[in-house]
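Thanks for making time this morning. I would like to walk you through one model, and I will keep to a few features that can be checked on the screen.

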Amino acid sequence: ETIRLGCNGDNIQDLCFWLLIAAMFGARFFYVVLYPDIFALDPLEIFRFWNGGLLFYGGVIAAIIVGLLYIKRARMPLGKTADTLTPALAIGHFFGWLGYFFSDTCYGYSRNLPLGLTLADSEFLGPQLLTLHPISLYLALSQFLIFGFLLFMRGRTKFNGQVFWLYLMLSGITRCIIEIFPGQGRESAVGGFLSLAHVVSVVAALTALSMLFILDKRAGKIEMS
């Protein structure tokens, strides 16, 4: 894989290390900024990662920034590197959302939609006597399906970077759809209706769609010349 990328294995290993560190700190930083009251009385709680409190899109943003800086510094091919690592990002999110599911967090609720779970456990973190929907499980499934699609596409791309932008677009679209369920972990951002995750997902999907259109058009011009 590193030979196909045109860079050495040490650079790939170092990049993965810094992406992991950036994702962890970025996810924590966004959570602290969004919920400062939680840490007002005990600022040291900021550093207790094991107590929970991470926002995945904060980790994604931080990882992208750090990744771009490292790739530029190491003079690695940007598009090829992103396409190679993106399926790993999808499967990483799959296991991350499974972790949320098994910790009984990130549930939504609806009285009308099918496939929900009706629970009445007094110790459960979600609303009682409502049809609950395991949002984290839905998100995990979506990431697993996206992972499989990206593996299928990786050898069928028209231009470098296509796999990465496809991932960003599909993740944004699926998150927007799944965010229709109100409930736990919904941070209001627009008029009390859209969550912060909704807004970020819309921006990500539209950005990715625009980049796919631009890069596809550019690749077409190169083929014709």
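I will begin with a helix, then turn to the aromatic rings, and finish with an arginine and the cysteines.

Please keep in mind throughout that this is a predicted model. Helix α6 runs over residues 135-153, and its 19 residues reach 27 Å from the first C-alpha to the last, close to the 27 Å expected at 1.5 Å a residue. Which residues of α6 are buried? They are I135, S136, L139, A140, S142, Q143, I146, F147, L150 and M153, and because they cover an arc of only 165 degrees around the axis, they sit on the same side of α6.

Now to the rings, where the count comes to eight aromatic pairs. One of them joins F29 and F30 edge-to-face, at 6.1 Å centre to centre and 75 degrees between the planes; F29 is exposed at 53% relative accessibility, whereas F30 is partly exposed at 28%. The pair of F144 and F147 is tilted, because the ring centres are 6.4 Å apart and the planes stand at 40 degrees. Both residues belong to α6, three residues apart, which is about one turn of the helix, and together with F94 and F95 they form one aromatic cluster. Elsewhere, R156 lies over the face of F152, 4.0 Å from the ring centre.

Another arginine, R175, is placed in helix α7, residues 162-178, and counts as buried because its relative accessibility is 8%. Beyond its neighbours within four places in sequence, R175 contacts F56, Y57, W97, L139, A197 and S201.

As for the cysteines, C16 is partly exposed at 35%, C176 is buried at 17%, and the disulfide count is zero.

Methods: Residues are numbered from 1 along each chain as its sequence is written. This is a predicted model: local features need pLDDT of at least 70, side-chain atom pairs count only at pLDDT 80 or more; totals for chains, interfaces and linings use all residues. Side-chain values use heavy atoms; hydrogens and water are left out. Helices (H or I, at least four residues) and strands (E, at least two) are DSSP runs, numbered from the N terminus. The expected span of a helix is 1.5 Å times one less than its number of residues. Buried means under 20% relative accessible area, exposed over 50%, partly exposed in between (1.4 Å probe, protein chains only). The arc is that of the directions from the helix axis to the C-beta atoms. Contact means heavy atoms within 4.5 Å. A disulfide is a pair of cysteine sulfur atoms within 2.5 Å. Rings of Phe, Tyr and Trp (its six-membered ring) pair if their centres lie within 6.5 Å; planes under 30 degrees apart count as stacked, over 60 as edge-to-face and the rest as tilted. A charge sits over a ring if NZ of Lys or CZ of Arg is within 6 Å of the ring centre and within 35 degrees of the ring normal.
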